[in-house]
Amino acid sequence: MGDYRSHAYSISSCKHHFVWCPKYRHPVLGLVNDEVTELFTETADHFGHEILALEIADDHIHLFVQTDPKHSPADVARQFKSYSGKHILERRPEIRESYFWGGGFWKVGYYVGTTGAVSEEVVQRYIEQTEH
């Protein structure tokens, strides 16, 4: 069952691709690359997520993560953004003073896309062709 997670009463495959940026799109992520990686790993471990891929550019990140269905994409984004943002600004006061005087490290918004084991067409065909 490789890509699936087994739970008490369900089996799931919930994978999400997130993209978000630092506030004001400041190109500072290269300065805190190791901290972001460490903090994201801690967050994933704490909540039971699995980071499938993480790419950190200077002004945005791509996070591909597998989660349990009890966590909505909004919850997952909040978990990663709030924990990492708080700790980056605490650990790196020089970055806070130079770039983030208004508080908060990450922009409020984000992109999320979901992936699955089958395509939309397969699901639609299954629903249309199955007798109910």
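Begin by selecting helix 2, residues 73–91, where helices (H or I, at least four residues) and strands (E, at least two) are DSSP runs numbered from the N terminus. Helix 2 has 19 residues and spans 27 Å from its first C-alpha to its last, close to the 27 Å expected at 1.5 Å a residue, the expected span being 1.5 Å times one less than the number of residues. The model on screen is predicted, so local features need pLDDT of at least 70 and side-chain atom pairs count only at pLDDT 80 or more, while totals for chains, interfaces and linings use all residues. Residues are numbered from 1 along each chain as its sequence is written, and side-chain values use heavy atoms, with hydrogens and water left out.

Axes here are lines fitted to C-alpha atoms, for helices over the stretch in contact, and angles run from 0 to 180 degrees between N-to-C directions. The sheet is open, with four strands in the order 4-5-3-6 and antiparallel pairing, where two strands pair if DSSP finds at least two bridges between them. Its edges are strand 4 (50–56) and strand 6 (111–115), each of which pairs on one side only, and the twist averages 15° from one strand to the next.

Now select strand 5, residues 61–67, which six bridges join to the antiparallel strand 4. Leu54 has Leu63 in strand 5 as its bridge partner, and Ala53 stands opposite Phe64. Strand 5 is also joined to strand 3 by seven bridges, again antiparallel, with His16 opposite Val65. Five of the seven residues of strand 5 are buried, so this strand is largely enclosed by the rest of the structure.

Follow the chain back into the hairpin that joins strand 4 to strand 5 through four residues, and select His60, which is found in the loop between these two strands. The His60 side chain makes polar contacts with the side chains of Asp59 (2.9 Å) and His62 (3.4 Å); such a contact is a pair of N or O atoms within 3.5 Å, and within protein one must be able to donate a hydrogen and the other to accept it, with residues adjacent in sequence counting only if both atoms are side-chain atoms. Leaving aside residues up to four places away in sequence, His60 touches residues including Trp20, Arg25 and Glu55.

Move to helix 1 (residues 33–47), which lies across strand 3 (14–20), strand 4 and strand 5, running at about 165° to strand 4. Within it, select Phe40 together with Trp106: the two form a tilted aromatic pair, 6.4 Å centre to centre with 40° between the planes. Rings of Phe, Tyr and Trp (its six-membered ring) pair if their centres lie within 6.5 Å, and planes under 30 degrees apart count as stacked, over 60 as edge-to-face and the rest as tilted. Because Phe40 lies in helix 1 and Trp106 in the loop between helix 3 and strand 6, the pair ties together parts that are 66 residues apart in sequence. Both Phe40 and Trp106 are buried.

Terms used
Contact = heavy atoms within 4.5 Å. Buried < 20%, exposed > 50% of the residue type's maximum accessible area, 1.4 Å probe, protein only.
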